[in-house]
Every structure is written in C-alpha cells, then in structure tokens.
Amino acid sequence: MALAVDWQRDDYSRVPYWLYHDEELYAQEMERIFRGPVWNYLCLEAEIPQPGDFRTTWVGDTPVVVSRAKDGTIHAFVNRCAHRGAMIVRKTHGNAPDHVCIYHRWCYSGDGTLVGIPFRKGLKGEGGMPADFDMKAASPRKLRIANCCGVIFGTFAETCETVEDYLGAFGMGMVKRFFHKPIKILGYSRQLIAGNWKLYAENLRDTYHASLLHEFFVTYGVDRATQKGGVKMDARHRHNMNHAYTATDTQEEARAAYAGQQGVALDRMQLKDSKLLQHVPEFADRMNLAAPAFFPNGLLIQINHSLGTRQIRPKGVGAHEVFQTLFGYADDTPEMTRHRLISANLVGPAGLVSMEDGEAIEIVQKATKREGAAATVIEMGGRGPVKDLAHRVTETPIRGFWSYWAELMGVEAPGGIR
Ligand SMILES: [Fe+2]
C-alpha cells in the first residue's frame, strides 16, 4: 500500500517528522530504495585483493557478502543461508576457499553458490534431501556489481541505469579524484547513531551546519562559511558534494563573519600540538574538504589528510550505523601514513567532528517523535529549484535528496521539483 505524504510545498522545503519514525515507511524504503534502481556502495576492492578474500557489508538492512572467487572475479550475495535463514558469514572479513553456515554446515562457493549439504543423501539409505533438490536454484540471491576505480557498488535491480549514468559525470569524476592511484586500507570505525538513517543522509548534504555545530571546524578554519567552496550535485540532485578550499579565508574575516552568530566561539580552544591540522594540498583542485555523498548509502570524504569512505547501514527505523573505512595511498611515506592516522582523530564515533553529528541526529530523533505532521524547514540557501551553489550557507541539496527519495517511494509532491 502506498503511503501518502503531505509535502506542503512542491520544492521539498518541508519534511514531515513522521517520515523519520514510521515502521511501515521504513519497510518500504528497504524495498523501494535500497533494493530499488540504485547503486549501493558495498566496499573497496583493496579490502579483498586476493582470491578467497571476503568482507561482509549491508545493503539497507540486508546483510551481504562481497567475495573474490578463485578466478579473481568479485561477487556479492545475500548473507543468508538457503536452508533456514542463518547468516552464513559472521566475520567482518577474512580469506576462505568457501563459506560454511555454522547451523547445519551448508556450504557456499566463493561466488555464493550452494555447493554442499551434509547428509544430503542421508545415512545408510535413510533420511537426506529429496533427490531432485536443486542446489543452484536454492543459492542466495546475488547482486549485480560494478567496480568503479576500485570502489565496489551493488544493486538488486535486474535492470537500471549503468553505474556511470547513475553517478553521472560529477560522481564518476569524484571517484576518480579519490582513487586516482592505488590505495592502502588504514583502518575502520563504526558509529551507532540512535536516529533514522535519512537524518545522516541529510547531514551529509547540509553544509550550513558544518561551522556552527562543529567548533573544531570553525576555530581552526577546516570548514567554515567564509572559505571558498559550496555544494555541487548531479543532474538529478540525488548526490551532492560539500566542499571547501584550503586557506581561502583569514582568521580576521572569519571572526567578523561569526561575531554576530549565537554562541560561536573562534578562540575558546587552543591546540597544544598543532600536528593534527598540518595540511599541504595533495589534490590538483586544492580542496581541503571534499565530501561527495552518493544516494542512498555512500560517502567519500576528505578532511585535510584524512581520507575515507562511509556507508550508512539502517538498523531499524530509529537507528543506523555509520561504517567508515580509512585509507591512504600505497605510495605514502611512513610520515604521511602516520599523519593520516592522526588526522583520523577528526572522524569516527569519538571524532572531534563526527561525534557532534551523531549527537545532533539523536536530539532530532528524540524531539520529532510526536506531532508527526509538523515539518522541518529547509529554506537556507533559498526556495524553488535545486541548484549548485558557490557558497556554503545552504542546505539546498537536502531538498534534492528528498525529491529523489519521493520519486523512488512513489510519493512525489504534485508538480514537485526534481
Ligand atoms: Fe557535521
């Protein structure tokens, strides 16, 4: 049954609170969004370099295994035993010639095909599976995958746009920017946030909050409104990149701009060791902050020398996990690797920046539980059509997100913008 949404406006500048809390809507999102005509970010190829390497991941709240088969090909399949529904692979990652479910030891090859069933022919002529049981047909559902410069995307859709069309020139360009040479994985973090997954998707499209919520950003000029930068989207406005350029403002400009803003302090904190902030532009575009977010679940993120991918993993209507993979480049010096790890203190569950996003999302989730017909106001940056902007005082890409979300959910506003 389709749910009706009263958007109040045709430009998605009002989002009713019940969309963050409704169980039935959440179930529909898992089907229509995550199992719909989208490319979900799964993992990085560098995480599974050798035959037999695998890692577990999620598409919406469906567990998925990505594995490299003996012949080197990469496969993704639903991490659920064909027999009684147990999760087949319980480790986060590893190397194995095949995957065996612990419950009844049903065995799957590296490409996710069911290849072995204990006591299949019974014992001493008794018991066992019917002779005509088709193991191949019973195998877990496979996803179609696409490998873009070492970033693995997957889709449940039998037919949909190619990943190149889906990401667009904008998205493909950003993938190439981050993965222009071989990488090495530096580590992982997981951040469990007690809020609906869409609040995180919104946060990634909200450049307005960055220097207001994050005192670290504004104090040290990592990301503030006075810097050169802005928001850039694909043609459908479903993906977005918040970005800023190194050293394009001064402390004096920032002090003047933030002087009248409630409670924003540029001078409250001082670092005893400023190594964390050392930054020499390493990309040709000289951005120090680049955060392309790909609908529905993926993010590439550079904050100074901290590089990573993030995956949004919905955990029921009221929670999600942000899974982060930190990386550097294979040819980094030991000093640069150490510096990237130091820079990683900005992100993750205890990150000097990321922990504040988690708190902001949780207080929205708490305060919006009642009065579901009331709505958020998304007008910073203007009403009407969604467009790229060369400034940072905007939340316009959030409206692009909702426009595409509404299209996939079949609940577009009458005459709604795209
Ligand atoms: Fe933030």
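Is Phe-178 buried or exposed? Phe-178 is buried, with a relative accessible area of 0%. Buried means under 20% relative accessible area, exposed means over 50%, and partly exposed lies in between, with a 1.4 Å probe and protein chains only. The model is predicted: local features need pLDDT of at least 70, side-chain atom pairs count only at pLDDT 80 or more, and totals for chains, interfaces and linings use all residues. Residues are numbered from 1 along each chain as its sequence is written, and side-chain values use heavy atoms, with hydrogens and water left out.

Phe-178 is found in helix H3. Helices (H or I, at least four residues) and strands (E, at least two) are DSSP runs, numbered from the N terminus. Neighbours within four places in sequence are left aside for the contacts of Phe-178. Phe-178 then touches Ala-290, Pro-292, Leu-300, Ile-301, Gln-302, Leu-307, Phe-327 and Tyr-329. Contact means heavy atoms within 4.5 Å. Ile-74 is 104 residues from Phe-178 along the chain, and their C-alpha atoms are separated by 21 Å.

Helix H1 (residues 23–34) meets helix H10 (residues 396–409). Their axes come within 9 Å and cross at roughly 90 degrees. Axes are lines fitted to C-alpha atoms, for helices over the stretch in contact, and angles run from 0 to 180 degrees between N-to-C directions. H1 and H10 are therefore roughly perpendicular to each other. Angles of 65 to 115 degrees count as roughly perpendicular, under 35 as roughly parallel, over 145 as roughly antiparallel, and the rest as oblique. H1 brings Leu-25, Gln-28, Glu-29, Arg-32 and Ile-33 to the contact, and H10 brings Trp-405, Leu-408 and Met-409. Five residues of this contact are nonpolar, one is polar and two are charged. Ala, Val, Leu, Ile, Met, Phe, Trp, Tyr, Cys and Pro count as nonpolar, Asp, Glu, Lys and Arg as charged, and the others, Gly among them, as polar.

A cavity is a set of points where a 1.4 Å probe fits but cannot get out. A pocket is an open set with protein on both sides within 12 Å along at least five of seven lines. Lining residues have an atom within 4 Å of a point. Grid points are joined across faces, edges and corners, and a volume is the space filled by probe spheres set on the points.

The largest pocket holds about 480 Å³ of space. Its lining has 20 residues, and Asp-206, His-209, Val-364, Glu-395 and Ile-398 are the closest to its centre. Helix H4 (197–204), helix H9 (354–367) and strand S19 (375–377) each give two or more residues to this lining. Twelve residues of the pocket lining are nonpolar, four are polar and four are charged.

The whole structure has four cavities of 30 Å³ or more. The largest cavity contains about 220 Å³ of space. It is lined by 20 residues, with His-209, Phe-217, Asp-223, Ala-291 and Ile-301 nearest its centre. H4, strand S15 (287–294), strand S16 (298–303) and H9 each supply two or more lining residues. H4 gives the largest share, three residues. The cavity lining divides into nine nonpolar, six polar and five charged residues.

Pro-296 is found in the loop between S15 and S16. A cis peptide bond joins Phe-295 to Pro-296, with omega about -5 degrees. Phe-119 lies in the loop between strand S9 (114–116) and helix H2 (135–138). Its phi is near 55 degrees, a positive value in a residue other than glycine. Phe-119 counts as exposed, at 61% relative accessibility. Glu-371 sits in the loop between H9 and S19. Phi of Glu-371 is near 60 degrees, also positive in a residue other than glycine. At 66% relative accessibility, Glu-371 counts as exposed.

Two threonines are placed in loops as follows. Thr-92 is in the loop between strand S5 (74–78) and strand S6 (93–95). Thr-92 counts as partly exposed, at 40% relative accessibility. Not counting residues up to four places away in sequence, Thr-92 touches Arg-55 and Thr-56. Thr-162 is in the loop between strand S11 (151–155) and helix H3 (163–178). At 41% relative accessibility, Thr-162 counts as partly exposed. Thr-162 and Val-38 are 124 residues apart along the chain, and their C-alpha atoms are separated by 9.5 Å.

Note on methods. 1 Å grid on protein atoms, 1.4 Å probe; cavity = no way out; pocket = protein on both sides within 12 Å on 5 of 7 lines; lining within 4 Å.
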